[in-house]
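Q: Please take one part of this structure and go through it closely. Then show how the rest of the chain is arranged around it or apart from it.

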Amino acid sequence: MAGGSSAEHQLLSRIAAGDGHGENSPYFDGWKAYDMNPFDLRRNRDGVIQMGLAENLLSLDLIEQWVMEHPEASICTAQGASEFRRIANYQDYHGLKEFREAMAKFMGQVRGGKVTFDPDRVVMSGGATGAQDTLAFCLADPGDAYLVPTPYYPAFDRDCCWRSGVKLLPIDCHSANNFTLTREALVSAYDGARRQGTRVKGILITNPSNPLGTIMDRGTLAMLATFATEHRVHLICDEIYAGSVFAKPDFVSIAEVIEHDVPGCNRDLIHIAYSLSKDFGLPGFRVGIVYSYNDDVVACARKMSSFGLVSSQTQHFLAKMLSDAEFMARFLAESARRLAARHDRFIAGLREVGIACLPGNAGLFSWMDLRGMLRDKTHDAELELWRVIIHKVKLNVSPGTSFHCNEPGWFRVCHANMDDETMEVALDRIRRFVRQHQQSKAKAERWAATRSLRLSLPRRGGATASHLAIPSPLALLSPQSPMVHAS
């Protein structure tokens, strides 16, 4: 209608038309750079290597072998076709009983058999994204807040906020103690939110951590469960890397803590998100799990699962595989061995040029420390360096700012989503770039020392030699230096 306001002419909802998805963050910008010029060992060795995607490709051959040996697991084979009608027919919100039972058993197996899970509390969703979206819908109203330790997974801004309207408020953690969450930091964030008039409805953690690759210790988990009970806020534990721990100490689940360490906590406030995307390398199956100790949350989440229920064919296949306890034990052990080998090789490769990572024992990535390569200690300098790494070095790594890290210079680097040869190419690129930077820095320091010396030399008549022509440090820098090319 002519003369109407722009709001009247807006065809989409405010949520759909807004930027709440977070697609404009550096986390997703790196993916776009990769998509435009993807690396390929045979066809495009000058392309961008994808090190921004936390995907586990190291043990898929084990699953492929199991599939070949168990054709009955698929309803699309002669051996499994007898189940076709039952599986293809309409399924209710609960999903297949055999899948929920197999998933509950497997969740206990991943956690070392130290805790059991009730199949009737297993609720399905479309991946871990769907699980977090469902929990946010169930637990909070628009404008309510979750407290989240930093650094944290960038897509939580999408998963928890885009549709539900929940705010994520940081609990600042620092490298001085390896980004360990403390009660003091938690209390500070909680009190700060209250002073601003924001209602805190939950604490959201990832354990093992994405992006740190570390696990949360038993004492910290007990502190969180106690705090949640005392303040009547929910504790949401994302444990999607629970089966990707490859070194000591062992993983401790919140399920174990509330059973053995904090038996008096309010279990109605405890919720777990899980998935098969990371531990199994099956993100395409879109299998997410909400496991809540709150009956009302289970009931609501089950109704919500109609928007993202896992296909019954996928449930049927996974029920067969997850029920094979011998294979599962062998898979988890071999996957841990391969993850450890890949992690150790990557860390050793970086160490050759003096680059360190946060000590880690879990996940599909490392938290790389490039603080010494920044022109100054700012987030702008971090993004300048990141742009050089993306466009010149051609590695899609994720800058710490996208993870809400308050200390510039940290980068998450994924290394389980490629073969050995590609990882060696990536390591060679990193080492070459670091060496060029080190050489440029050394030249600049020598130039500064020479200039200082010349300026200090007395001229005839007592004046200093400040007029002497000395080349600019930019002339001494390598053409690959971020101080030259960063835009």
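**A sheet and its surroundings**

A: Trp367 stands opposite Arg412, which lies in strand S13. Before going further, note that this is a predicted model, in which local features need pLDDT of at least 70 and side-chain atom pairs count only at pLDDT 80 or more, while totals for chains, interfaces and linings use all residues. Residues are numbered from 1 along each chain as its sequence is written, and side-chain values use heavy atoms, with hydrogens and water left out.

Strands here are DSSP runs of E with at least two residues, and helices are runs of H or I with at least four, both numbered from the N terminus. Strand S10 covers residues 365–369 and strand S13 residues 410–414; the two run antiparallel and share five bridges. Two strands count as paired if DSSP finds at least two bridges between them. Strands of a sheet pair through backbone hydrogen bonds, either parallel or antiparallel.

S10 and S13 belong to an open sheet of four strands, in the order S9-S10-S13-S12, with antiparallel pairing. At its edges stand S9 (356–357) and S12 (398–399); each has a single partner strand, so one side of each has no neighbour in the sheet. Helix H14 (residues 325–351) packs on this sheet and touches S9, S10 and S13. A contact means heavy atoms within 4.5 Å. The direction of H14 makes about 15° with that of S10; such angles run from 0 to 180 degrees between N-to-C directions, with axes fitted to C-alpha atoms, for helices over the stretch in contact. Helix H15 (residues 379–393) also packs on the sheet, touching S12 and S13, and its direction makes about 30° with that of S13.

Between S10 and H15 runs a loop that contains Lys377. Is Lys377 buried or exposed? Lys377 counts as exposed because its relative accessibility is 78%; buried means under 20% relative accessible area, exposed over 50%, and partly exposed in between, with a 1.4 Å probe and protein chains only. The C-alpha atom of Lys377 is 8.0 Å from that of Glu407, although 30 residues separate the two along the chain.

The chain also has an open sheet of seven strands, ordered S2-S8-S7-S6-S5-S3-S4, with mixed pairing. Its edge strands, S2 (122–126) and S4 (167–171), pair on one side only. From one strand to the next, the twist averages 25°. Helix H6 (residues 97–110) packs on this sheet through S2, S7 and S8, at about 75° to the direction of S8. Helix H10 (residues 218–231) touches S5 and S6, and its direction makes about 165° with that of S5.

Within this sheet, S5 (residues 200–206) and S6 run parallel and are joined by five bridges. Ile205 has Cys237 of S6 as its bridge partner, and Thr206 stands opposite Asp238 in S6. Strand S6 (residues 234–238) is largely enclosed by the rest of the structure, because five of its five residues are buried. In a regular strand the side chains alternate between the two faces of the sheet. In S6, His234, Ile236 and Asp238 are on one side and Leu235 and Cys237 on the other, and all are buried.

The loop between S3 (145–149) and helix H8 (156–159) holds Thr150, which is buried at a relative accessible area of 2%. Leaving out residues up to four places away in sequence, Thr150 touches several residues, including Cys173, Phe179 and His404. Cys173 is itself buried, at 2%. Its sulfur lies 9.5 Å from the closest cysteine sulfur, that of Cys405, which is too far for a bond. The structure holds zero disulfides, a disulfide being a pair of cysteine sulfur atoms within 2.5 Å.

Ser277 sits in the loop between S7 (270–275) and S8 (287–292). Ser277 is buried, at 8% relative accessibility, and beyond its neighbours within four places in sequence it contacts Leu282, Pro283 and Arg286.

For the chain as a whole, there are 17 helices and 13 strands. Of its 487 residues, 52% are buried. Among contacts with a separation of 6 or more, 73% join residues 24 or more positions apart.
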